[in-house]
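Here is a short briefing on a two-chain model. Please look over the sequence and the structure before reading on.

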Amino acid sequence: MIAHTLFAYIFVAMILFSIGLLGVISRKNIFVIYMSIELMLNAINLMFVALSHYHHDMGGQVMAMMVIAIAAAEAGVFLSLIVVLYRRKKSLDSDLFRTLSQKEVA
Amino acid sequence: MMDILFLLLSSFAILGAVGMVSFHQPVHSALSLILTIMALAGLFALLSASFLFMVQIIIYAGAILTLFIFIIMFLNVKEANLPKEPNKAMTLFLGSLALLPLNFLILRAFYKMPLHVNPVASDFGKIKPLGMELFTHWLLPFELISILLLVALIGAVVLGRKDEA
(Lines give C-alpha, C1' and ligand atoms only; values in the text may rest on other atoms or scores of the structure.)
Protein backbone atom coordinates (compact mmCIF):
# COMPACT_ATOMS: atom_id res chain seq x y z
CA MET A 1 0.00 0.00 0.00
CA ILE A 2 2.95 2.37 -0.35
CA ALA A 3 1.66 3.80 -3.61
CA HIS A 4 -1.53 5.02 -1.92
CA THR A 5 0.06 7.19 0.75
CA LEU A 6 0.90 10.83 0.23
CA PHE A 7 4.03 10.55 2.33
CA ALA A 8 5.80 8.23 -0.12
CA TYR A 9 5.43 10.74 -2.95
CA ILE A 10 6.49 13.65 -0.73
CA PHE A 11 9.54 11.61 0.32
CA VAL A 12 10.60 11.00 -3.31
CA ALA A 13 9.95 14.65 -4.18
CA MET A 14 12.06 15.86 -1.26
CA ILE A 15 14.94 13.55 -2.22
CA LEU A 16 14.85 14.82 -5.79
CA PHE A 17 14.66 18.45 -4.62
CA SER A 18 17.64 17.95 -2.31
CA ILE A 19 19.68 16.37 -5.09
CA GLY A 20 18.87 19.38 -7.27
CA LEU A 21 19.86 21.83 -4.54
CA LEU A 22 23.04 19.82 -3.99
CA GLY A 23 23.89 20.13 -7.68
CA VAL A 24 23.40 23.90 -7.59
CA ILE A 25 25.57 24.45 -4.54
CA SER A 26 28.39 22.00 -5.23
CA ARG A 27 29.00 21.77 -9.00
CA LYS A 28 30.81 24.25 -11.22
CA ASN A 29 29.67 23.12 -14.66
CA ILE A 30 27.00 25.62 -15.75
CA PHE A 31 25.08 22.93 -17.65
CA VAL A 32 24.83 20.75 -14.56
CA ILE A 33 23.64 23.75 -12.55
CA TYR A 34 20.90 24.40 -15.10
CA MET A 35 19.83 20.74 -15.06
CA SER A 36 19.72 20.80 -11.27
CA ILE A 37 17.32 23.75 -11.43
CA GLU A 38 15.14 21.75 -13.82
CA LEU A 39 15.27 18.81 -11.42
CA MET A 40 14.09 21.01 -8.55
CA LEU A 41 11.19 22.30 -10.66
CA ASN A 42 10.26 18.70 -11.44
CA ALA A 43 10.36 17.68 -7.80
CA ILE A 44 8.01 20.54 -6.94
CA ASN A 45 5.75 19.41 -9.79
CA LEU A 46 5.58 15.93 -8.29
CA MET A 47 4.65 17.46 -4.94
CA PHE A 48 1.92 19.59 -6.56
CA VAL A 49 0.44 16.59 -8.37
CA ALA A 50 0.55 14.36 -5.29
CA LEU A 51 -1.15 17.02 -3.16
CA SER A 52 -3.79 17.64 -5.82
CA HIS A 53 -4.52 13.91 -5.93
CA TYR A 54 -4.94 13.68 -2.20
CA HIS A 55 -7.05 16.81 -1.85
CA HIS A 56 -9.25 15.95 -4.85
CA ASP A 57 -8.53 19.41 -6.24
CA MET A 58 -7.41 19.97 -9.81
CA GLY A 59 -5.65 23.25 -8.93
CA GLY A 60 -2.39 21.47 -8.21
CA GLN A 61 -2.25 19.98 -11.68
CA VAL A 62 -2.97 23.37 -13.26
CA MET A 63 -0.14 24.79 -11.15
CA ALA A 64 2.17 22.01 -12.36
CA MET A 65 1.36 22.98 -15.94
CA MET A 66 2.26 26.59 -15.12
CA VAL A 67 5.57 25.39 -13.70
CA ILE A 68 6.26 23.48 -16.94
CA ALA A 69 5.54 26.64 -18.97
CA ILE A 70 7.88 28.66 -16.75
CA ALA A 71 10.55 25.97 -17.15
CA ALA A 72 10.22 26.26 -20.94
CA ALA A 73 10.64 30.05 -20.80
CA GLU A 74 13.61 29.64 -18.47
CA ALA A 75 15.19 27.10 -20.82
CA GLY A 76 15.10 29.53 -23.75
CA VAL A 77 16.67 32.47 -21.90
CA PHE A 78 19.18 30.36 -19.97
CA LEU A 79 20.45 28.50 -23.03
CA SER A 80 20.94 31.70 -25.04
CA LEU A 81 22.82 33.17 -22.06
CA ILE A 82 25.04 30.07 -21.91
CA VAL A 83 25.77 30.34 -25.65
CA VAL A 84 26.77 34.03 -25.31
CA LEU A 85 28.93 33.37 -22.23
CA TYR A 86 30.61 30.37 -23.85
CA ARG A 87 31.48 32.42 -26.93
CA ARG A 88 33.21 35.00 -24.74
CA LYS A 89 34.98 32.84 -22.19
CA LYS A 90 35.45 29.50 -24.00
CA SER A 91 34.66 27.72 -20.75
CA LEU A 92 31.70 26.31 -18.86
CA ASP A 93 33.09 27.16 -15.43
CA SER A 94 30.52 29.13 -13.46
CA ASP A 95 33.30 30.80 -11.47
CA LEU A 96 34.38 32.67 -14.59
CA PHE A 97 30.94 34.16 -15.18
CA ARG A 98 31.29 36.99 -12.72
CA THR A 99 30.80 39.89 -15.11
CA LEU A 100 27.52 40.93 -13.49
CA SER A 101 29.11 41.36 -10.07
CA GLN A 102 32.66 42.46 -10.84
CA LYS A 103 34.54 44.34 -13.50
CA GLU A 104 35.57 42.04 -16.32
CA VAL A 105 39.22 41.00 -16.36
CA ALA A 106 40.40 41.33 -19.94
CA MET B 1 1.14 -4.03 -8.61
CA MET B 2 0.91 -0.28 -7.91
CA ASP B 3 3.52 -0.64 -5.19
CA ILE B 4 6.00 -2.40 -7.49
CA LEU B 5 5.46 0.25 -10.15
CA PHE B 6 5.89 3.04 -7.61
CA LEU B 7 9.10 1.56 -6.19
CA LEU B 8 10.55 0.94 -9.66
CA LEU B 9 9.70 4.42 -10.97
CA SER B 10 10.90 6.27 -7.88
CA SER B 11 14.17 4.33 -7.76
CA PHE B 12 14.76 5.12 -11.44
CA ALA B 13 14.01 8.79 -10.75
CA ILE B 14 16.44 8.96 -7.84
CA LEU B 15 19.09 6.97 -9.72
CA GLY B 16 18.85 9.34 -12.69
CA ALA B 17 19.09 12.38 -10.42
CA VAL B 18 22.18 11.02 -8.65
CA GLY B 19 23.78 10.30 -12.01
CA MET B 20 22.88 13.80 -13.18
CA VAL B 21 24.76 15.54 -10.37
CA SER B 22 27.76 13.21 -10.42
CA PHE B 23 28.63 12.71 -14.11
CA HIS B 24 31.49 14.78 -15.47
CA GLN B 25 30.36 15.12 -19.10
CA PRO B 26 27.26 17.33 -19.61
CA VAL B 27 25.82 14.96 -22.24
CA HIS B 28 25.83 12.06 -19.80
CA SER B 29 24.15 14.28 -17.21
CA ALA B 30 21.45 15.30 -19.70
CA LEU B 31 20.70 11.70 -20.69
CA SER B 32 20.52 10.79 -17.02
CA LEU B 33 18.08 13.66 -16.45
CA ILE B 34 15.87 12.31 -19.23
CA LEU B 35 15.62 9.04 -17.26
CA THR B 36 14.44 11.03 -14.24
CA ILE B 37 11.88 12.99 -16.29
CA MET B 38 10.43 9.81 -17.79
CA ALA B 39 10.19 8.14 -14.38
CA LEU B 40 8.45 11.24 -13.03
CA ALA B 41 5.97 11.03 -15.92
CA GLY B 42 5.20 7.49 -14.79
CA LEU B 43 4.65 8.73 -11.23
CA PHE B 44 2.21 11.35 -12.58
CA ALA B 45 0.32 8.54 -14.28
CA LEU B 46 0.17 6.63 -10.98
CA LEU B 47 -1.34 9.76 -9.40
CA SER B 48 -4.08 9.69 -12.10
CA ALA B 49 -2.80 12.88 -13.79
CA SER B 50 -3.04 11.46 -17.30
CA PHE B 51 -2.82 14.78 -19.14
CA LEU B 52 0.24 15.89 -17.18
CA PHE B 53 1.81 12.51 -17.97
CA MET B 54 1.61 13.33 -21.68
CA VAL B 55 2.69 16.95 -21.16
CA GLN B 56 5.71 15.78 -19.19
CA ILE B 57 6.83 13.42 -21.95
CA ILE B 58 6.04 15.70 -24.90
CA ILE B 59 7.10 19.09 -23.49
CA TYR B 60 9.83 18.17 -21.03
CA ALA B 61 11.54 15.15 -22.55
CA GLY B 62 10.56 16.00 -26.12
CA ALA B 63 11.11 19.75 -26.30
CA ILE B 64 13.08 21.20 -23.39
CA LEU B 65 15.67 18.47 -22.94
CA THR B 66 16.05 17.89 -26.66
CA LEU B 67 16.77 21.60 -27.10
CA PHE B 68 19.22 21.29 -24.23
CA ILE B 69 21.11 18.32 -25.71
CA PHE B 70 21.09 20.14 -29.06
CA ILE B 71 22.79 23.16 -27.43
CA ILE B 72 25.39 20.93 -25.72
CA MET B 73 26.27 19.30 -29.04
CA PHE B 74 26.15 22.66 -30.86
CA LEU B 75 28.71 24.18 -28.50
CA ASN B 76 30.97 21.13 -29.02
CA VAL B 77 32.69 21.48 -25.66
CA LYS B 78 36.15 19.97 -25.45
CA GLU B 79 37.49 18.25 -22.37
CA ALA B 80 39.88 21.18 -21.73
CA ASN B 81 36.99 23.65 -21.60
CA LEU B 82 35.09 21.78 -18.91
CA PRO B 83 35.64 23.14 -15.39
CA LYS B 84 38.03 21.12 -13.28
CA GLU B 85 36.43 19.80 -10.12
CA PRO B 86 39.16 17.87 -8.32
CA ASN B 87 37.27 17.34 -5.04
CA LYS B 88 33.80 16.91 -6.46
CA ALA B 89 33.01 13.75 -4.48
CA MET B 90 33.94 15.47 -1.23
CA THR B 91 31.78 18.55 -1.89
CA LEU B 92 28.83 16.39 -2.95
CA PHE B 93 29.14 14.31 0.23
CA LEU B 94 29.43 17.33 2.53
CA GLY B 95 26.59 19.10 0.73
CA SER B 96 24.29 16.13 1.16
CA LEU B 97 25.12 16.05 4.88
CA ALA B 98 24.27 19.75 5.09
CA LEU B 99 20.88 19.17 3.43
CA LEU B 100 19.78 16.44 5.86
CA PRO B 101 18.25 18.77 8.53
CA LEU B 102 16.10 20.54 5.89
CA ASN B 103 14.73 17.21 4.70
CA PHE B 104 14.08 16.08 8.23
CA LEU B 105 12.07 19.20 9.07
CA ILE B 106 9.92 19.17 5.94
CA LEU B 107 9.25 15.43 6.07
CA ARG B 108 8.27 15.65 9.74
CA ALA B 109 5.82 18.42 8.90
CA PHE B 110 4.25 16.33 6.13
CA TYR B 111 4.15 13.20 8.26
CA LYS B 112 1.57 14.79 10.57
CA MET B 113 -0.68 15.98 7.75
CA PRO B 114 -4.19 14.48 7.64
CA LEU B 115 -5.08 12.81 4.34
CA HIS B 116 -8.11 12.02 2.27
CA VAL B 117 -8.06 8.35 1.37
CA ASN B 118 -11.24 8.32 -0.74
CA PRO B 119 -10.61 7.29 -4.36
CA VAL B 120 -10.74 10.13 -6.87
CA ALA B 121 -13.46 10.58 -9.50
CA SER B 122 -12.96 8.60 -12.69
CA ASP B 123 -12.35 11.69 -14.86
CA PHE B 124 -9.89 13.28 -12.40
CA GLY B 125 -6.85 14.62 -14.27
CA LYS B 126 -8.25 13.95 -17.74
CA ILE B 127 -7.90 16.64 -20.34
CA LYS B 128 -11.49 17.95 -20.24
CA PRO B 129 -11.87 18.70 -16.50
CA LEU B 130 -8.32 20.05 -16.44
CA GLY B 131 -9.14 22.41 -19.31
CA MET B 132 -12.37 23.51 -17.62
CA GLU B 133 -10.42 24.29 -14.46
CA LEU B 134 -7.69 26.08 -16.39
CA PHE B 135 -10.04 28.32 -18.35
CA THR B 136 -12.39 29.20 -15.50
CA HIS B 137 -10.50 29.56 -12.23
CA TRP B 138 -7.02 30.06 -13.64
CA LEU B 139 -7.74 32.24 -16.66
CA LEU B 140 -5.71 35.28 -15.59
CA PRO B 141 -2.56 33.29 -14.65
CA PHE B 142 -2.87 31.45 -17.96
CA GLU B 143 -2.86 34.71 -19.93
CA LEU B 144 0.04 36.04 -17.83
CA ILE B 145 2.02 32.86 -18.64
CA SER B 146 1.56 33.56 -22.35
CA ILE B 147 2.94 37.09 -21.87
CA LEU B 148 5.87 35.59 -19.94
CA LEU B 149 6.59 33.19 -22.80
CA LEU B 150 6.54 36.10 -25.27
CA VAL B 151 8.97 38.09 -23.10
CA ALA B 152 11.27 35.06 -22.81
CA LEU B 153 11.17 34.58 -26.59
CA ILE B 154 12.14 38.22 -27.23
CA GLY B 155 14.80 38.03 -24.53
CA ALA B 156 16.34 34.90 -26.03
CA VAL B 157 16.47 36.51 -29.50
CA VAL B 158 18.01 39.74 -28.15
CA LEU B 159 20.62 37.89 -26.07
CA GLY B 160 21.49 35.43 -28.79
CA ARG B 161 22.38 37.83 -31.64
CA LYS B 162 25.98 38.76 -32.35
CA ASP B 163 27.01 42.01 -30.68
CA GLU B 164 27.97 44.65 -33.21
CA ALA B 165 28.86 47.55 -30.93
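Domain bounds, as used here, come from an automatic or database domain assignment. On that basis chain B splits into domain 1 (1–79) and domain 2 (123–165). The model is predicted.

**Domains of chain B**
- The centres of domain 1 of chain B and domain 2 of chain B, taken over C-alpha atoms, are 22 Å apart.
- Five residues from domain 1 of chain B and five residues from domain 2 of chain B make the contact.
- On the domain 1 side of that contact, three residues are nonpolar, two are polar and none is charged.

**Chain A fold**
- Chain A has three helices and zero strands.
- Its elements run α-α-α from the N terminus on.
- Of the 106 residues in chain A, 49% are buried.
- Among contacts in chain A with a separation of 6 or more, 45% join residues 24 or more positions apart.

**Transmembrane annotation**
- An unreviewed UniProt entry lists residues 6–24, 31–51 and 63–86 of chain A as "transmembrane region".
- In the model, residues 31–51 of chain A are 100% helix and 0% strand, with end C-alpha atoms 31 Å apart.
- Residues 63–86 of chain A are also 100% helix and 0% strand, and their end C-alpha atoms lie 34 Å apart.
- For chain B, UniProt (unreviewed entry) lists residues 6–23, 30–51, 57–77, 89–111 and 138–159 under the feature name "transmembrane region".
- Residues 6–23 of chain B are 94% helix and 0% strand, and 26 Å separate the end C-alpha atoms.
- Residues 57–77 of chain B are 90% helix and 0% strand, with 27 Å between the end C-alpha atoms.

**Contact between the chains**
- The contact brings together 63 residues of chain A and 68 residues of chain B.
- On the chain A side, α1, α2 and α3 each supply at least two residues.
- Helix α3(A) gives the largest share of that side, 22 residues.
- By class, the chain A side has 44 nonpolar, 14 polar and five charged residues.

**Nonpolar core**
- The largest nonpolar core has 61 residues.
- Residues with the most contacts inside this core are A:Ala13, A:Leu16, A:Leu46, A:Val49, A:Ala50 and B:Phe44.
- Both chains contribute: α1 (6–26), α2 (30–55) and α3 (59–89) of chain A, and α1 (2–22), α2 (26–46) and α3 (50–75) of chain B, each supply at least two core residues.
- Helix α2(A) provides the largest share, 15 residues.
- Leaving aside residues up to four places away in sequence, A:Ala13 touches A:Ala43, A:Leu46, A:Met47 and A:Ala50.

- Helix α5 of chain B covers residues 127–136 and holds B:Leu130.
- B:Leu130 counts as buried, because 21 C-beta neighbours lie inside 10 Å and the cut-off is 20 or more.
- B:Leu130 and B:Leu52 are 78 residues apart along the chain, yet their C-alpha atoms are separated by 9.6 Å.
- B:Leu130 has partners in both chains: A:Met58, A:Gln61, A:Val62, B:Phe51 and B:Gly125, not counting residues up to four places away in sequence.
- Helix α6 of chain B (residues 139–160) has 22 residues and reaches 32 Å from first C-alpha to last, close to the 32 Å expected at 1.5 Å a residue.

**Positive phi in chain B**
- B:Ser48 has a phi near 60°, a positive value in a residue other than glycine.
- B:Ser48 sits in the loop between α2 and α3 of chain B.
- B:Ser48 is buried, because it has 20 other C-beta atoms within 10 Å, and 20 or more is the cut-off.
- B:Asn76 has a phi near 55°, again positive in a residue other than glycine.
- B:Asn76 lies in the loop between α3 and α4 (88–111) of chain B.
- B:Asn76 is exposed, because it has 8 other C-beta atoms within 10 Å, and 12 or fewer counts as exposed.

Conventions: Residues are numbered from 1 along each chain as its sequence is written. Chains are lettered from A and ligands numbered from 1 in the order in which they are written. This is a predicted model: local features need pLDDT of at least 70, side-chain atom pairs count only at pLDDT 80 or more; totals for chains, interfaces and linings use all residues. A nonpolar core is a set of buried Ala, Val, Leu, Ile, Met, Phe, Trp, Tyr and Cys residues joined through C-beta atoms within 7 Å. Helices (H or I, at least four residues) and strands (E, at least two) are DSSP runs, numbered from the N terminus. Two residues are in contact if their C-beta atoms, placed from the backbone, lie within 7 Å. Ala, Val, Leu, Ile, Met, Phe, Trp, Tyr, Cys and Pro count as nonpolar, Asp, Glu, Lys and Arg as charged, and the others, Gly among them, as polar. UniProt positions are given in the numbering used here, feature names are shortened, and annotations may be inferred rather than shown by experiment. The expected span of a helix is 1.5 Å times one less than its number of residues.
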